[in-house]
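Subject: Structure handover and notes

Hello,

Please find the structure below. My notes on it follow.

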Amino acid sequence: MAKPTPVKLREMSSADLVRQLEQHPGWHADRARMILAERRDPAVIPDLQKKTLAEQDPLRTLQYLWALHVGGGLTDDIARQLLDHPAASVRRWSVRLIGDARRTSPATGERLIKLAEQEGDITVRCQLAATARRLPAVSLPILENLLHRTPDQVDPYLSLMIWWGLESQAISQRPTTIERLSRLENYSQPAFQFQLEKLARRYGAEGTRAGYDACAVLLQDGKCPPSFNEKLEAALRQGLAERAQELPGIGQGDFLAAFGTQVETADRKPALKSAEPVSGPLFEIIQKRFHQKSRSLEIDKVALLTGNADLKQEFLKRVSQGDAATRRTMLAILETFGDADCVSLVLPMLDTELRLTALRVLARFDHPDIVPRVIALYSTLKGDELRAAQDLCLRRTPGTLALLKLVDEKRVAAADLPLDQLRLVALHGNEQLNALVRKHWGNLQPGTSEEKLATVRRFKNDLRAAGGNATQGKVLYTKHCATCHKLFDEGGLVGPNLTPANRGDRDFLLVSIVDPNAVIRSQFLNYVVTTQSGSVMQGVIAEQDGASVTLVDAKGQRHQVARAEIEEMKESAASLMPEKLLEQLSPQELRDLFAYLQGQAPQVAK
């Protein structure tokens, strides 16, 4: 069989290269286009322009279009005509190439605006949103028409692409942006609601009088349906909480320009900025809503974020009044949005039915009266209250010392302090505390490889000795594992889901439990956060934004920390899952637990 004759593209004329675009799709066409780009031969431009407009096959049209573009022959008029092509792929590429030029004629701008109103293909609409960002003169009309095209739908990709374009105009074209989006009819349309929330957050985070005035327009009474009003208030709350953060901009160009000249470190903290106090029409709206009987909890949070002393004192007064359920809900707000002034109000609540919530609020603050009061109550605490008190004490060095002294004086049994909480002690870096831990619990540092191997062998022998009871094992699983791990649709998600794991491999399970630090998936990395007040906590990052970071600890308890309060946040080499979990089980309990872990999903009655 004769070998095919090689095609020598570089020896061809530019006209022959154009023919390659039609005759040889794939590599030959791509290579021919690259050579045409290098030559930029004006002799073939008229032919390419004619073929681009006349061709109906989408792939061939794109081949001609790409060649025309890289050859320098794509005009504004041709690109505008291609916006009427029947193939969505051709329209999409035409929209993109118009945007790549970053300028366009008034006629083409008007055609893009009309296309945004009429276009049915979602990929073309996404490209229109991207191109709108590059064409400031027609950006807002294009984006508004895209929203009107499907006002009752919130496509996750298109909505974010539209927001990408809107945000670029939100500050520079503030009055026009507000006027177009805050029309009364838009507030009942889901597509517009998504953007209005983003705008409220963006303007609130700006921390300027101009930003606050923009928020006031968005939140004007009578505009929002009741179902949307609280969402808009929540967006404002999030924006106000983010005012202190000078977050770096994100952009491919900036990244590439800085690459190699600036080293980003994992513990690099965003710079803090000062924000103007909330004032003017926005403050009047907040103040009015705060004093309404039917106000939302979001407005209470927003009121505290204004920093206004009168609103804060009124809120603290409300916390001390009303029924227990209402007070508990309002007290929980102080856990995130309160300041040190609330300590004197919350301390007496340790003697009430609000004790658990009060303990969680007080854990935020470094106040000399807190630890003595908690230690005095310690012997009366049980369950969640006991756990919250332990967490409060162990966050800071003075509280940790007071709690460990209770153990040293035999007023509290060493076994009553969970091992996962004791791991916080080492993070304080205090030798007196470390000595007390070694005295009562021994060495809590990770064991050596040899020690862990010996432990695995011992447990394997225990598992071989007899069978286990899966029913009893489920009870043990619920007690020791379900807070963090899900199995058969039961349990938490702080750690990996065990249902699809390699549970049939007993050795794999044993090693994973005995040495949880061996392999830690990125989504379950344990982080240690130290606050400016000296509080130390650890957990998996559940949520984070410009205002705060939320950690989930080994017991599933969530801890939200304002970024402005964080002194340091770093990854821990140790898993959140503590070692020696199986040491507290008897051999039979170990067999029961593994019988459940390695069993099949329970049958659901039909």
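Ala200 touches Cys215, Leu218, Leu232, Ala235 and Leu236, leaving out residues up to four places away in sequence; contact here means heavy atoms within 4.5 Å. Ala200 is found in helix α12. With a relative accessible area of 0%, Ala200 is buried; buried means under 20% relative accessible area, exposed over 50%, and partly exposed in between, with a 1.4 Å probe and protein chains only. Ala200 and Gln292 are 92 residues apart in sequence, and their C-alpha atoms are 21 Å apart in space.

The model is predicted: local features need pLDDT of at least 70, side-chain atom pairs count only at pLDDT 80 or more, and totals for chains, interfaces and linings use all residues. Residues are numbered from 1 along each chain as its sequence is written, and side-chain values use heavy atoms, with hydrogens and water left out. Helices (H or I, at least four residues) and strands (E, at least two) are DSSP runs, numbered from the N terminus.

Cores

A nonpolar core is a set of buried Ala, Val, Leu, Ile, Met, Phe, Trp, Tyr and Cys residues joined through side-chain atoms within 4.5 Å. The largest one has 108 residues, and those with the most contacts inside it are Leu128, Ile142, Leu331, Leu334 and Leu404. Helix α12 gives the most to this core, with 6 residues. Apart from this core lies another of 23 residues, among them Ala29, Ile35, Ile45 and Ala87.

Helix α10

An α-helix has 3.6 residues a turn, so residues three or four places apart point the same way. At the start of α10, a side-chain oxygen of Asp155 comes within 3.0 Å of the backbone nitrogen of Tyr157.

Strands β7 and β8

Strand β7 (residues 548–552) pairs with β8 in the antiparallel sense over 5 bridges; two strands pair if DSSP finds at least two bridges between them. Leu551 stands opposite His559 in β8. Strand β8 (residues 558–562) has a covered face, His559 and Val561, and an uncovered face, Arg558, Gln560 and Ala562. The hairpin has 5 residues between the strands, and Gly556 in it takes a positive phi near 80°.

Arg40 has a positive phi near 50° and is not a glycine. Arg40 sits in the loop between α2 (27–39) and α3 (45–54) and is partly exposed, with a relative accessible area of 47%. Lys410, also not a glycine, has a positive phi of about 60°. Its place is in the loop between α24 (397–408) and α25 (419–427), and at 72% relative accessibility Lys410 counts as exposed.

Regards

Conventions: A polar contact is a pair of N or O atoms within 3.5 Å; within protein, one must be able to donate a hydrogen and the other to accept it, and residues adjacent in sequence count only if both atoms are side-chain atoms.
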